[in-house]
Amino acid sequence: MPARVSCGALRATDEGTAAQLCGWVNRRRDHGGLIFVDVRDRDGITQIVFDPSAACFAAAEHLRNEDVLRVAGAVRRRPAGTENERLPTGEIEVAVDELEILNRSQVPPFAVNSDDPVDENLRLEYRYLDLRRARMQENLRVRHRIIKALRDFFDERGFLEIETPMLMKSTPEGARDYLVPSRIYPGAFYALPQSPQLLKQILMIAGFGRYMQIARCMRDEDQRADRQPEFTQLDVELSFCTQEEVLETMESAMRYVWRRALGIEVGDFPRLTHRESLARYGLDKPDLRFGLELAEVGSIFAETDFGVFRAVAQGGGAIVALRYPGGAALSRRDFDALTETAKQYGGKGMVWIALSGGAPKSPAAKFLTESNVEALRTAVAAEIGDAILLFADERAIAYAVAGKMRNEVGERCKLRATDVFAFAWVTDFPYLEIDETTGVPAPAHHPFTSPAPGDWELIDRAPMEMRAQHYDLVLNGYELGSGSIRIHKPDQQRRIFEMLGMSPAEVEERFGFFMRALDYGAPPHGGMALGIDRIAMLACGEETIREVIAFPKNQVARDVMMNAPSRIPDQLVHEVHLGLLPSARAHDS
């Protein structure tokens, strides 16, 4: 047979040559005695033709989709008018004179040669078929280019890629660890890494200066569209750096990736403080593909007869307004549905005002004067034909609900274009936040983050007012990742642990190895981690990271292809010195 080429390689310039192709039957068609087959591999599709005079014609009559072939024949131009402009190989075809059927396929449970919607669990169960589809193959190609570009970028700038272990000590970082029992040390456990955080800081203490890693991480937490039990992140750390240097490095990396992997030049990366982001957009991961900035309008209602809003305004709460472009055309039923959505986002409700040209329509119309309405219009830059949505609650809740509703309005009004990439930095986060589970203060990032310059003095008298040298990179309403300048002085690190209520014995048990490392001359350092899965998801215009991961878990953290997690033989359970509770055995049966 002639030399093998990929199914995406042949062009009109190859006319008259002989070629060998290997791949899968993408589609088969019988036309007037000729059999046409589209053969597919990861690089593309080539049309092959079986003439009735060919010795292999009879075998070609029985080909089915997804059969695996090796063919050889002459490359020729397609007849005039039959070219396929949608394919790079669309000017040519291969006239087959040799056919070898390498394997037969059963009838697939869904069409591999189309992108028609298929139940996700069925796709994941037959992932090896789903991954043959053009969309999935392109997504993984983009992911590959992103990772390669990242490695190239950091290699060119003197960063070393250093692997950190997958079996390590449990040092919880905000989520549950996945634990691995030890056979050699009964009753002892390794943990799978939630991140290489402490290890990359130790690499800075060890003098490596510039580190990066494409790191696999695991967190035992509830699933959602942009989250998986195991994920991949870009991990970066620098010594002797400022926050500005870290931001410039990571911003340059993203520009490089978008240019090299996608052929796109991205615009400016605006910077917002955490407080500014909440005030303008309601969230600390704002979607900047569209405007619709929020406005605090409590002063407008402070002296009105609208009792509920007046009470909120006078009681220290917030009344937040949001413009809905073209919203005056919505029906009362539409506004009722929007109100229910606001409740699902944690609000008590929503008040709307429709600006249709005459008197404004609103459930609160009788409480509003003409000057009140005009002031509201001015606050959110609303026009005739728009609607104004109002949210009244405790300040944090009102802004959070308004921010989520801003995204909802952006989606409904088709303002969130998938081909626009709006990066932003969010800085100056609070050092502490109230943990929703325990109700006590906890680090907003992690306890190794350095407080902002000048804020150490607040640690005793007003710790909740401390700001952190912590920064997030945001893209299209998603947090791509977080970073910080780290604490490098052991006495300051011990003071932070003390502030968090950790005893010296607890610090020694959990972080003793790290504290000893700090005692041996740790340089100032800082870094960041970015989620590769989220980057790929947004670059590919997908809505979940499962579409850019070869073998993801489903929405309830199960691998339905391999049926994992699953029971293991009792002998293996006993070898690692474990026993299953009766409830676990009953659940399994």
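Buried means under 20% relative accessible area, exposed means over 50%, and partly exposed lies in between (1.4 Å probe, protein chains only). By that cut-off, 47% of the 589 residues of the protein count as buried.

This is a predicted model, in which local features need pLDDT of at least 70 and side-chain atom pairs count only at pLDDT 80 or more, while totals for chains, interfaces and linings use all residues. Residues are numbered from 1 along each chain as its sequence is written, and side-chain values use heavy atoms, with hydrogens and water left out.

**Whole chain**

Start with a cartoon view. The protein has 18 helices and 21 strands. Helices (H or I, at least four residues) and strands (E, at least two) are DSSP runs, numbered from the N terminus. Along the principal axes, the C-alpha atoms fill a box of roughly 90 × 75 × 55 Å. Contact means heavy atoms within 4.5 Å. Among contacts between residues at least 6 apart in sequence, 66% join residues at least 24 apart.

**Stop 1: the largest nonpolar core**

Select Phe154, Leu234, Met254, Trp258 and Phe423. Of the 44 residues in the largest nonpolar core, these touch the most other members. Helix α6 (residues 243–262) gives the most to this core, with nine residues. A nonpolar core is a set of buried Ala, Val, Leu, Ile, Met, Phe, Trp, Tyr and Cys residues joined through side-chain atoms within 4.5 Å. Now centre on Phe154. Leaving out residues up to four places away in sequence, Phe154 touches Phe159, Met212, Leu234, Val236, Thr249, Met250 and Ala253.

**Stop 2: Arg406**

Go to helix α12 (residues 395–412) and pick Arg406. Beyond four places in sequence, the contacts of Arg406 include Tyr281, Phe290, Gly291 and Leu322.

**Stop 3: two sets of strands**

Two strands pair if DSSP finds at least two bridges between them. Four strands form an open antiparallel sheet, in the order β12-β13-β15-β14. Its edge strands, β12 (295–296) and β14 (351–354), each pair on one side only. Inside, β13 (residues 318–324) and β15 (residues 387–393) share seven antiparallel bridges. Select Ala318 to find its bridge partner in β15, Asp393.

Next, show β5 (residues 92–103). It pairs in the parallel sense with β3 (residues 44–50) over two bridges. Ile48 stands opposite Val94 in β5.

**Stop 4: helix α14**

Select residues 490–499. In this helix, α14, Pro490, Gln493, Ile496, Phe497 and Met499 are buried. Their cover includes β17 (432–434), α13 (458–461) and α15 (504–518). After α14 comes Gly501, with a positive phi near 85°.

Finish on Arg495, also in α14. Is Arg495 buried or partly exposed? Arg495 counts as partly exposed because its relative accessible area is 23%. Apart from residues up to four places away in sequence, Arg495 touches Trp456, Ile459 and Asp460. Its side chain makes a polar contact with the side chain of Asp460 (2.3 Å). A polar contact is a pair of N or O atoms within 3.5 Å; within protein, one must be able to donate a hydrogen and the other to accept it, and residues adjacent in sequence count only if both atoms are side-chain atoms.
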